[in-house]
2 protein chains.
Amino acid sequence: MAEKSDEPTVRKPRADAERNRLLLMETAKTVFADKGSSASLEEIARIAGVGIGTLYRHFPTRDALVSAIYRNETAQLAAAAKSLAETHPPVEALRLWLVQFVDYVVTKHGMSEVLDSLVGGTSELYADSADLIIGAVNLLVDRAVATGEIRLAMDPLDILRALAGGASISCGPAWREAARQLIDILIAGMRANR
Amino acid sequence: MAEKSDEPTVRKPRADAERNRLLLMETAKTVFADKGSSASLEEIARIAGVGIGTLYRHFPTRDALVSAIYRNETAQLAAAAKSLAETHPPVEALRLWLVQFVDYVVTKHGMSEVLDSLVGGTSELYADSADLIIGAVNLLVDRAVATGEIRLAMDPLDILRALAGGASISCGPAWREAARQLIDILIAGMRANR
DNA sequence: ATAAATGTGGAGGGCGCCTCCGCTTATCAA
DNA sequence: TTGATAAGCGGAGGCGCCCTCCACATTTAT
């Protein structure tokens, strides 16, 4: 046996396949940004210059495509929680991260798939990305609760739902500003020191 | 001229037309409740036993249909603001109304058209319903601000956006509970007495 | 060079949206 | 009651999108 010990045959993935995958993701990112998340998948394939079948092979569902596009950014957002936690006092870190979260959501202007993926909870496909976000917000909230600075009688995820949901209704820069105010109000409302 | 002075001919609206209009609204309400807001309009027409053309005559867009269905309930919700304002202290009235607002939204489980109509702002069709809601929340917030009990540095509508948006992501009873907590936190955060 | 695995592309069936227009039915005047 | 006529009905049909499927092309490994 000249193969790897556990797999009968391992073959280098075809070069054209990987090329098409990346091409589709780039094209989709542009088109989604232009036309919103409901853009036609056939149009994306057309613009990318590949057949519709190819798109579906790489991304069996619309969600899979969207998820793939934003996986990196999502991971970054989650990572930011850690670094904020290390460099800021608990409540301030939480506040800053929530602002970043809103910015992240707003730039995807109303892509309900993205939101569902992060905080909706039903989609299996997104489990990993969602876990990252959930872990991030829990880390920050737990820290702030541990110092006794804030109290929280609800799932932190629901705060994200409110912030993200607002964006899905009134997306764009206006919500960005509104959400900042909202975050301040929420933080104030959660503070334990009356 | 035996007719009205300004109109050449006024004729009683046909009885079957009005019948079909009501039938469609009832059917649509049921179907939307069952299958969500993206249910097929053709299916609604089929179940109602009318042609698709008839549906489109009465309700030129999906929004028009949804809007017609919930116009009454929306008006009631708006009216509740007035009666709460008369029977409760300002902040409590606001809190109670927000709870009612969430209940209202949740029962339409994630009908983004409804939400857009109320707080999204772009749709012309809903201007009247939206104005009612905007008037209601402004009334309550203004009252509470006037007594100095709360401060608010943002458009009250944005609070509704957050509450309604959350429902669009995580609809159902779970959000109902979460929103109640959120409302309490918001009220606490808006209180001026530190 | 050749075999085998891997990936491609687009035709095709299904469905929903919406328009258009020939036909039906209710209303009104005589 | 009986036309005349406006008002309304309904569904065929064009379009676009979704997604599957498979004959064919390309790549990799031998």
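1. Along its sequence, chain A reads α-α-α-α-α-α-α-α-α. That is nine helices and zero strands. Helices here are DSSP runs (H or I, at least four residues) and strands are E runs of at least two, numbered from the N terminus.

2. A caution on the basis of this note. The model is predicted; local features need pLDDT of at least 70, side-chain atom pairs count only at pLDDT 80 or more, and totals for chains, interfaces and linings use all residues. Residues are numbered from 1 along each chain as its sequence is written, while chains are lettered from A and ligands numbered from 1 in the order in which they are written.

3. Burial and contacts in chain A. Of its 194 residues, 39% are buried. Buried means 20 or more other C-beta atoms within 10 Å of the residue's own, exposed means 12 or fewer, and partly exposed lies in between, with C-beta atoms placed from the backbone. Among contacts with a separation of 6 or more, 65% join residues 24 or more positions apart. A contact needs C-beta atoms, placed from the backbone, within 7 Å.

4. One residue to look at is A:K82. A:K82 sits in helix α4 (residues 62-87) of chain A. It counts as partly exposed because it has 15 C-beta neighbours inside 10 Å. Its C-alpha atom is 8.2 Å from that of A:L140, although 58 residues separate the two along the chain.

5. Helix packing in chain A. The axes of α5 (residues 90-107) and α8 (residues 156-169) of chain A come within 9 Å and cross at roughly 35 degrees. Axes are lines fitted to C-alpha atoms, for helices over the stretch in contact, and angles run from 0 to 180 degrees between N-to-C directions. From α5(A), the contact uses A:L98, A:F101, A:V102, A:V105 and A:V106; from α8(A), it uses A:L160, A:L163, A:A164 and A:A167. The contact has nine nonpolar, no polar and no charged residues. Nonpolar covers Ala, Val, Leu, Ile, Met, Phe, Trp, Tyr, Cys and Pro; charged covers Asp, Glu, Lys and Arg; the others, Gly among them, are polar.

6. Helix packing in chain B. Helices α5 (residues 90-107) and α8 (residues 156-169) of chain B pack at about 35 degrees, with axes 9 Å apart. Their crossing is right-handed.

7. The chain A–chain B interface. Each chain is represented: 27 residues from chain A and 27 residues from chain B. On the chain A side, α6 (112-120), α8 and α9 (173-190) each supply at least two residues. The most come from α8(A), with 10 residues. This side has 15 nonpolar, eight polar and four charged residues. The copies meet through the same surface, because 100% of the interface residues of chain A are also interface residues in chain B.

8. DNA strand D. Around it lie 26 residues, of which A:G53, B:N20, B:V50, B:G51 and B:G53 come nearest. Near means a C-beta atom, placed from the backbone, within 6 Å. α3(B) gives the most to this surface, with four residues. By class, the surface has nine nonpolar, six polar and 11 charged residues.

Note on methods: Two residues are in contact if their C-beta atoms, placed from the backbone, lie within 7 Å. A crossing is left-handed if the near helix is turned anticlockwise from the far one by less than a right angle, and right-handed if clockwise.
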